[in-house]
Amino acid sequence: MQGTAGPRSPNRRPSRWDPRSWSGALERTWARNPQIGLALRAAIAATIAWALIQLLPQPAQEYPYYAPFGAVIAISTTLAGSARTTAQSVAAIAIGAAVALAVDGLPVPIVARVGLVVTAGMLLAGWHRLGGSGSWVPTSALFVLIIGGGDPVDYVLGFAGLTFLGALIGTAVLAVFPPLPLAPSQTELGRLRDLLAAQLEDLADGLQQEHPPTEDEWRERIHTIDPVLAQMRAAVQQTDEARRGNLRARRHQQVADRQYAQARALERLTLMVEDLTQLIAETETADVSHVALGPALRPAAASALTGLADVLRSVEGPAAEPDTTRGAYDELHALEAQLRRARQSTDDDLFAASSVALAIRRCLAAVVPEELAEEEAPD
């Protein structure tokens, strides 16, 4: 249908009040901040638990707050995690209650009983099967011993039973509205790629200096990668776990599979870049008598490293930008050609320089194999 206002200019920016731009912004904010979704799910689960508990008879009415409490502790970033947390939390509460009931019957003063339940609770809290919920063992034991002292059995039924009921409601809410944190894991993948690219660029910059950097100067150029690698692994693992029993996962299976494959490739690439960094820092330094590359090969090696960094920064979605990839391989070929010419004009074996070129090739192939880059090259 043709409107009366004429076609919209393609260069015209959407109005800041355009509902579509607001909708897109909200979707991006929701995807990049999974804590917002968790907060809303927790609120829904707690509200439902509180409403349902009002319908139950005594002794539930004496401890209604434990139902929303259980709903909140069950909310996790994944459905599988919610089920695991529910089982561990309820088990820890039950173990703590059992400890309190056992100690409560001892003919000792209350002060001694408190010490006994805390000691036993803390020891049992370390049981690995309870995971992070182990701290509920001594807490539950104290609650039952002190708060439920008048009628401990009814209190245990109310505490453990209503917490379990609330946890089931929380898990059910997650099953109906399951989270799938694809955006956070994509962000962590990008952070690691950018960090590896920055490391390669710092290596290239060091090789572009008039004289090789000293050992201390190289040390200042070496980035700490392990924490970012660990965060990437955790984010991708969380996304992979979130796919279990998740009805939304089928619609996003291709994206999730791609993220997992990229994570594996980045793990291998991280090891290669770290080895390459160590190789250059140890062999192309002002502190050694015979450097690996020398003034003749340093510029070409720097260009090859920069090309590899550009490829990493160009990754968008499933693959790197084809033209950037071809340019990186061209820089690598130029370095290898200079190495061949250098071998013909010197008696040195150039083993270390060849190792640098081979390491760059392996890193580049880990991102995009050369045969694939050839296939994607424009005619």
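Helix axes here are lines fitted to C-alpha atoms over the stretch in contact, and angles run from 0 to 180 degrees between N-to-C directions. The model is predicted, so local features need pLDDT of at least 70 and side-chain atom pairs count only at pLDDT 80 or more, while totals for chains, interfaces and linings use all residues. Residues are numbered from 1 along each chain as its sequence is written, and side-chain values use heavy atoms, with hydrogens and water left out.

**Overall make-up**

The protein has 15 helices and 0 strands, where helices (H or I, at least four residues) and strands (E, at least two) are DSSP runs numbered from the N terminus. Of its 379 residues, 42% are buried (under 20% relative accessible area; exposed is over 50% and partly exposed lies in between, with a 1.4 Å probe and protein chains only). A contact means heavy atoms within 4.5 Å. Among contacts between residues at least 6 apart in sequence, 76% join residues at least 24 apart.

**Helix α8 and its partners**

Helix α8 has 26 residues and reaches 38 Å from its first C-alpha to its last, close to the 38 Å expected at 1.5 Å a residue; the expected span is 1.5 Å times one less than the number of residues. Because 19 of the 26 residues of α8 are buried, this helix is largely enclosed by the rest of the structure. Two of its packing partners are set out below.

| Pair | Angle | Axis separation |
|---|---|---|
| α8 and α11 | about 20° | 10 Å |
| α8 and α12 | about 165° | 8 Å |

The α8 and α11 angle of about 20° makes α8 roughly parallel to α11. For α12 (residues 294–314), the angle of about 165° makes α8 roughly antiparallel to that helix. The cut-offs are under 35 degrees for roughly parallel, over 145 for roughly antiparallel, 65 to 115 for roughly perpendicular, and oblique for the rest. α8 passes α11 in a left-handed crossing, and the crossing of α8 and α12 is left-handed. Left-handed means that the near helix is turned anticlockwise from the far one by less than a right angle; clockwise is right-handed.

In the contact with α11, the α8 residues include L189, L192, L196 and L203, and those of α11 include V255, L266, L269 and I280. This contact divides into 15 nonpolar, 7 polar and 1 charged residues. Ala, Val, Leu, Ile, Met, Phe, Trp, Tyr, Cys and Pro count as nonpolar, Asp, Glu, Lys and Arg as charged, and the others, Gly among them, as polar.

Toward α12, α8 contributes residues including R193, D194, L200 and E201, which meet α12 residues including R298, L305, L308 and R313. By class, the contact of α8 with α12 has 13 nonpolar, 1 polar and 5 charged residues.

R191 lies in α8 and, with a relative accessible area of 37%, is partly exposed. Beyond its neighbours within four places in sequence, R191 is in contact with V228 and Q231. The C-alpha atoms of R191 and V228 are separated by 7.3 Å, although the two are 37 residues apart along the chain.

V228 is one of the buried residues of α10, among them L229, M232 and V236. Cover for the buried residues of α10 includes α4 (79–104), α8 (182–207) and α11 (253–283).

**V117 in helix α5**

V117 is found in α5 (residues 110–125) and, at 0% relative accessibility, counts as buried. Not counting residues up to four places away in sequence, V117 touches V99, A100, V103, A141, L142 and L145.
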